[in-house]
Amino acid sequence: MPLLKIDDQEIEVKAGETVLSAALRCGIAIPYYCYHPALSIAGQCRMCLVEVKGAPKPLTACSTAVTSLPPDKKMDGKYDMVVSTKSEIARKAQRSVLEFLLLNHPLDCPICDQAGECQLQEYSYTYGNSSSRFDFEKIHGPKRVEIGAHVVYDSERCIKCTRCIRFCEEITKTGELTLVERGAHARVDTFPGRKLDNPYSVCTVDICPVGALTSKEFRFKERVWFLQSANSVCPECSRGCSVRYDTYKGDVLRLVPRENPEVNGFWMCDYGRLLSERIKELPRRDRPGIRTEKGWTFYTFEAFWPIFMEKLKKEDLSSPAAIVSGRMTLEEMAAYKLLAGKALGGAAGVALNVASGQDDSLLIRRERRPNLYGARMMGIGVSEENPDVAALLKNKRSALIIREDVVKDAAESQKAALVKALQGLGLLIVADDAFTATAELAHVYIPLTAWHEMEGTTVNFKGHLQKTARAVMPPRNRKPFHDAVSAWLAAAGGQAPEAGFAAWFAEVKKAVPELADKSLRDLLPRGIKLKEAAP
Amino acid sequence: MKLQRPKLTWWERTYFPAILQGLAITFRHIPRIKKRVTLEYPEVRWELPKKYRGAPVLLTGLDGHEKCTSCKLCQFICPPRAINIVAGETDLAKEKFPREFTIDMGLCIFCGYCQEVCPVEAIWLKDEYELADYDRTRLIYTKEELLARGRKPPYLPGKEKPLTEGDKP
Amino acid sequence: MNAWLAILLPAAIKIVVILAIVLTGVAYTTLAERKVSAWMQDRKGPNRVGPFGLLQPVADGMKFFFKEDITPRQAYKPVYLLAPLCTLVPALVTFSVIPFGTEITVAGKSYPLWIAPGMDLGLLFLLSISSLAIYGIILGGWSSGNKYSIFGALRGASQVVSYELGVGLSLLTVVIWSGSFGLQDIVNAQKGHPWFFLTHFLGFIVFLVAIFAETNRLPFDLPEGESEIVGGYHTEYSGLRFAMFFMGEYANMITASALLVTLFFGGWNLPFVDWAKFGPIWGGVLSAAVFFTKIAFFLFFFIWVRWTLPRFRYDQLMNIGWKRLFPLALANLLLMTTLMVFFGFGVKQ
Ligand code: SF4
Ligand code: SF4
Ligand code: SF4
Ligand code: SF4
Ligand code: FES
C-alpha cells in the first residue's frame with residue numbers, strides 16, 4: 001500500500017485514493033469547494049491546492065491520486081508521495097484562489113442566507129486575506145433568478161464549483177443545470193425551457209458551498225446563528241431519512257438532511273423538506289375535548305381523564321375498531337399494545353398502509369408512513385395498501401383512531417360511506433396531533449404531540465432503527481400517546497409505566513429482544529440496523 | 001503585596017483630628033450659594049455631548065426607504081435582546097427588508113452596539129433621552145415609530161427631508 | 001373632681017403642645033437633613049414644594065399616606081404590623097420626663113414646663129423607655145421573614161447592647177455629681193455652675209459617640225446599611241409603616257438631642273440669666289425657647305456628622321464600643337468619683 005506523508009502525518013492509502021479523501025479521513029484540514037464525497041471529481045474550484053514534492057506547481061488535492069513508487073525511488077526512503085498543506089507555496093495558492101474567488105463576489109453577507117454556514121466566509125477567515133486589492137467596479141450578474149419552484153439562484157455569489165450541476169446529472173440523473181457563458185461571466189442556468197424541478201431540487205441548496213442557491217421557503221426567514229437544531233427523522237415516508245430540524249422560537253423553519261450512508265446518503269426529497277410549511281397549516285387543538293349534543297368542551301390534560309372515565313362507564317369500549325398508525329413511534333405502539341390489553345378488550349389494532357406515488361430509485365417510497373416496519377415488529381397488523389376503512393368499522397360500536405386522518409386519506413369514492421360509518425359509531429375516540437376532519441366527527445379528542453415535538457424511536461422499511469428528537473416544546477396539554485396511555489391507565493386505576501420517553505423506551509426494549517442491550521447512546525446519531533427480523 | 005500604612009500619632013489614632021477636619025470641610029460648603037451644581041431639570045437642560053447615546057432610531061436612506069436590510073446583526077449583538085426583527089423580501093435592490101422591527105426601550109441599555117455593528121449605518125443612537133412612559137407596551141417602538149424618530153439624520157441638524165445627493169453631511 | 005381636673009388639664013395641654021412641637025420637629029428635621037446635605041454637596045435641595053421647599057414634609061407625608069402598604073407573604077403578621085409602633089411610641093413617650101422650661105405662673109398657680117413633674121427617677125425612666133425602641137427594630141427585622149431584615153435587626157440589637165454600657169456609665173457621673181436621677185434636678189444643678197460638658201468632658205465625649213450609635217445614625221447606621229443589606233430591618237416596609245420607622249428614627253434623634261442638652265448643656269439655662277426675672281409667663285416661654293434652640297443645634301450636629309463621616313465597618317463598631325468607649329467610661333467614672341469623694345467637687349443642692 002502506498003505510504004503518503006501529509007505535513008507531519010504518515011498515512012497508508014489504497015492505491016488510487018486521492019490526497020484529499022486521505023486527508024479528510026485523517027482529520028487534516030484541506031479547504032475545498034467542488035469536491036463532494038457523493039459526486040464525481042471536477043477539480044473545478046482550485047481551493048484544494050497543495051504542494052506535492054517533486055511536482056512543478058501546486059496540485060489539486062481532490063484530483064491527485066496516490067500511486068506506488070518503485071522501492072528504489074521512494075522519497076525519503078519510504079514515502080510514495082509527500083504533500084504539504086502548510087508550506088509557503090500551499091499557503092500562497094490558497095490565498096490567491098480565495099482572492100480570485102472573491103474578486104467579483106458581492107459580499108452580500110448581511111442579507112445572504114448562507115452567512116454563518118458559508119464555506120467562503122469560513123475559508124476567508126482561515127486562509128484568505130483580510131482586504132481586497134480589487135479597486136474596480138465588480139462584474140454584475142443576474143441575482144434572484146428562480147431556477148426552480150423552490151430554488152433561487154444568485155450568479156454573483158456563485159463560485160462555479162458545479163456541485164449543483166453534477167448533482168442533477170449524477171444523483172437525480174435529470175440534468176437540468178449547466179454552466180453558461182465564460183470566464184468571469186460564467187453562471188449556472190437551466191437548459192432552455194427547463195426548470196430545476198426534480199423532486200430533490202433543494203439538495204442543491206444544501207451542497208452549494210456558498211449562498212448562490214437559496215431555498216425559497218427558508219429564504220430570509222432567520223439568520224442561521226439564531227436557529228436551534230434537533231437531529232431527527234423525516235416522518236413522510238418509510239425511508240425515514242435522517243434530518244435535522246432547524247427551529248426558531250418554537251417554529252420549524254427548515255429540515256435539512258443529515259449524512260447517513262445506510263438510510264439516505266446525503267439527501268432528502270423536497271416533499272419531506274416542505275413538511276416545515278405543512279406543519280404550520282395543520283389545525284391544532286391544544287386541549288383534550290369531549291363532544292356532546294351541545295358541542296365540544298375542552299379540558300386541561302389533568303382534568304380530562306376523570307371526566308373521560310365517567311364517559312367510558314356509559315359506553316361500551318370492549319371490542320372497538322382500533323386504527324393505529326405507522327406515524328406512531330415504537331414507544332407509542334408499545335403503549336397501544338398495553339392499552340389494548342388492559343382497556344380495549346385486546347383489540348388487535350391495524351396500522352393503515354397509506355400509499356401514494358411510486359418508489360423511485362433514490363429515496364422516495366410509496367409507503368407514506370415511517371414506522372410500519374416497527375408496527376409489524378411490535379405485533380400490530382398492517383393493512384393492505386390504502387384499505388377501505390369503512391369495512392374495518394363494520395359491526396363495531398366504538399372505535400379508537402390514533403394519528404390517522406382517515407377521512408382525508410380515503411379515496412373520493414369511499415369518503416361518503418366512511419363519514420357515515422364514523423357517524424354511526426356510539427363512541428369514536430380520535431387521538432392525533434391535529435384537529436383533523438376525522439377528529440371533528442369524534443366524540444372524544446385527545447391531542448398528541450406532533451412528530452417533531454416528542455422523542456421516540458422509529459424503524460424504516462429496511463429495518464433501520466433511528467431515534468427522533470424533540471425539536472420544539474409542545475404546549476403543555478399535548479402529550480405523546482404513550483403519556484396519554486399512562487394517564488389513561490392511571491385514571492382507570494391500573495398499573496402503567498410512568499409517563500415520559502425513558503420509561504416507555506424500556507417497554508420497547510422488552511418487546512424487541514435485539515434492543516435489550518442497547519442504550520440510547522448507541523442509537524445516536526445514525527441509528528442501528530436491526531438484524532433481519534422482518535415479519 | 002504588603003500595604004504600607006502611614007504611621008499615626010496617638011492623637012491621630014483617636015480619629016478626632018480627621019473627624020474635625022471632615023466636619024470643617026463639609027461645613028465650608030454650606031455657604032457656597034453661588035457654586036450650586038443643581039440643574040433644575042425640566043426648565044434648565046443639560047447641553048448634551050456630541051456623542052451622546054440616547055434612543056436608538058432607524059434612518060431613512062436616499063431612496064426614501066429605511067436603510068436597514070434586516071441582517072439582524074444588531075439583534076444578535078444587542079446585550080439585553082431589545083431588538084426584534086422579522087425579515088421580508090422586497091423588490092428593491094437590497095432584496096431584504098425588515099417587515100417588523102421593534103426595539104423594546106424598556107430593555108435597551110443605550111450601549112450603542114447596534115449602531116456599531118450595523119453594516120449599512122441604518123440604526124443610530126439619537127440624543128433623545130426623555131423616553132419614560134406609564135405603559136410598558138408603549139415602550140416597544142415599532143419600525144414606523146423608529147423611522148419617524150430617525151427622520152432627521154442627527155449628523156444634519158434641522159433637515160426635515162431625507163438626504164439627497166447634493167447634501168454634504 | 002376638681003382636683004383631678006387641676007392635674008389632668010394642664011398635663012393634657014402640655015402633652016398636646018409637646019407632641020405638636022416634636023412631630024413638627026421630626027417633619028422639619030427630615031427637611032433639614034435634605035437641605036443641609038444638599039448644601040454640603042453643593043446642591044440646592046428640595047425647593048419645589050412651597051417657598052424654599054418648606055412644604056416638602058407635607059408632600060412627603062401625603063406620599064407615604066398614599067403609598068401601598070405591602071405585607072410580605074412570609075412575614076409574621078401581628079408582629080410585623082406592630083413593630084413600627086414600637087420604635088415610634090417610646091421615642092415620643094420619653095418627652096414626658098424631659099423638662100423643657102422653667103415654669104409658667106398663671107393666676108397664682110405655677111405650672112412647671114414638663115409633662116410629669118416631680119418624677120425623681122426621670123433619667124432611669126427615660127433610659128428604660130428609650131431602650132425599648134430597639135424592640136421595634138428587632139421585631140420588625142425578625143418578623144419580615146427576610147434575611148436582610150434579620151441581619152439588620154441583629155446588628156441593631158448587638159450595637160445597642162454594646163453602646164448602652166457607654167451611655168449608662170457616662171451618665172452615672174452626672175447623676176453622682178448632681179445627686180439625683182430627676183432630670184430637673186440635673187438641670188438645676190447646672191444653674192450657676194459650669195455646664196457638665198465642661199466638667200465631665202470625657203463623659204460627654206463617650207455619651208456623644210454612644211448616642212450616635214443608639215440612634216442608628218451615621219457613622220453607626222449599620223442596622224440599615226443600604227450598601228450591604230438593602231434596607232436592613234425596614235427592607236420590607238412601605239407606606240405609612242415605613243414612615244413610622246422613619247419618624248421614630250428622627251424622634252429618637254430629638255430625644256437624644258434633648259438628653260444631651262439636659263445632661264450636659266444646662267437644659268434651659270443660659271449663663272448669667274435668671275429666667276424668674278422675665279416675669280411669670282415670659283420666663284417660662286423664653287427658657288423653653290432656649291431649650292429648643294439648643295436641641296436644634298444638636299440636630300444640626302447630627303446631620304452634619306452624618307453627611308461627613310462614612311459608615312464604620314462592623315468590627316470597628318464593636319472595637320470602638322467595647323475597647324475604647326467602655327474603658328473610657330469606666331475611667332471617667334473612677335476619676336469623677338475620686339474627685340468628688342476625696343477633693344470635694346460636685347454640686348451641693
Ligand atoms: S456567499 Fe458567503 S461570502 Fe458570499 S455573500 Fe453569502 S455569506 Fe457572504
Ligand atoms: S450555484 Fe452553488 S453549487 Fe452551483 S456552481 Fe454555483 S456555487 Fe457551486
Ligand atoms: S443601544 Fe444597545 S441595548 Fe439598545 S438596542 Fe442598541 S444594542 Fe440594544
Ligand atoms: S444591523 Fe443595521 S441593517 Fe442589520 S438589521 Fe440592524 S439596523 Fe438593519
Ligand atoms: S475541491 Fe479540488 S478543485 Fe475544487
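Student: How do the residues of the lining of the largest cavity divide into nonpolar, polar and charged?

Tutor: They divide into 12 nonpolar, 8 polar and 3 charged. Ala, Val, Leu, Ile, Met, Phe, Trp, Tyr, Cys and Pro count as nonpolar, Asp, Glu, Lys and Arg as charged, and the others, Gly among them, as polar. The model is a predicted one, in which local features need pLDDT of at least 70 and side-chain atom pairs count only at pLDDT 80 or more, while totals for chains, interfaces and linings use all residues. Residues are numbered from 1 along each chain as its sequence is written, chains are lettered from A and ligands numbered from 1 in the order in which they are written, and side-chain values use heavy atoms, with hydrogens and water left out.

Student: What makes a space a cavity, and what makes it a pocket?

Tutor: On a 1 Å grid over the protein atoms alone, a cavity is a set of points where a 1.4 Å probe fits but cannot get out. A pocket is an open set with protein on both sides within 12 Å along at least five of seven lines. Lining residues have an atom within 4 Å of a point. By this rule there are 7 cavities of 30 Å³ or more.

Student: What is the volume of the largest cavity, and which residues lie nearest its centre?

Tutor: Its volume is about 290 Å³, a volume being the space filled by probe spheres set on the points, which are joined across faces, edges and corners. The lining has 23 residues, and C:Ser130, C:Ala133, C:Glu214, C:Thr215 and C:Asn252 lie nearest the centre. The largest share of this lining, 7 residues, comes from α11(C); helices (H or I, at least four residues) and strands (E, at least two) are DSSP runs, numbered from the N terminus.

Student: Which chains supply the lining of the largest pocket?

Tutor: In chain B, α1 (10–13) and α2 (16–29) each supply at least two residues, as do α9 (201–214), α12 (282–306) and α13 (314–343) in chain C. The largest share, 7 residues, comes from α9(C). There are 33 lining residues, with B:Arg13, B:Thr14, B:Tyr15, B:Phe16 and B:Ile19 nearest the centre, and the pocket holds about 1300 Å³ of space. By class, this lining has 26 nonpolar, 3 polar and 4 charged residues.

Student: Why is the second largest pocket said to lie between domain 1 and domain 2 of chain A?

Tutor: Domain 1 (3–100) and domain 2 (136–280) both give residues to its lining, and therefore it lies between them. Domain bounds come from an automatic or database domain assignment, and chain A also has domain 3 (283–529). The second largest pocket has about 990 Å³ of space and 40 lining residues. Of these, 20 are nonpolar, 6 polar and 14 charged, and the largest share, 5 residues, comes from β13(A).

Student: Why does A:Asp7 count as buried?

Tutor: Buried means under 20% relative accessible area, exposed over 50%, and partly exposed in between (1.4 Å probe, protein chains only). A:Asp7 has 19% relative accessibility, so it counts as buried. A:Phe220, at 3%, counts as buried too.

Student: What is to be noted about phi in A:Asp7 and A:Phe220?

Tutor: Most residues other than glycine have a negative phi, and most peptide bonds are trans. A:Asp7, although not a glycine, has a positive phi of about 50 degrees; it is found in the loop between β1 (3–6) and β2 (9–12) of chain A. A:Phe220 is likewise not a glycine and has a positive phi of about 65 degrees. As to the peptide bond, a cis one joins A:Leu524 and A:Pro525, with omega about -5 degrees.

Student: What makes a set of residues a nonpolar core, and how many residues has the largest?

Tutor: A nonpolar core is a set of buried Ala, Val, Leu, Ile, Met, Phe, Trp, Tyr and Cys residues joined through side-chain atoms within 4.5 Å. The largest has 78 residues, and those with the most contacts inside it are C:Phe207, C:Leu263 and C:Phe264. A second, separate core of 55 residues includes A:Cys34, A:Val188, A:Cys203 and A:Ala469.
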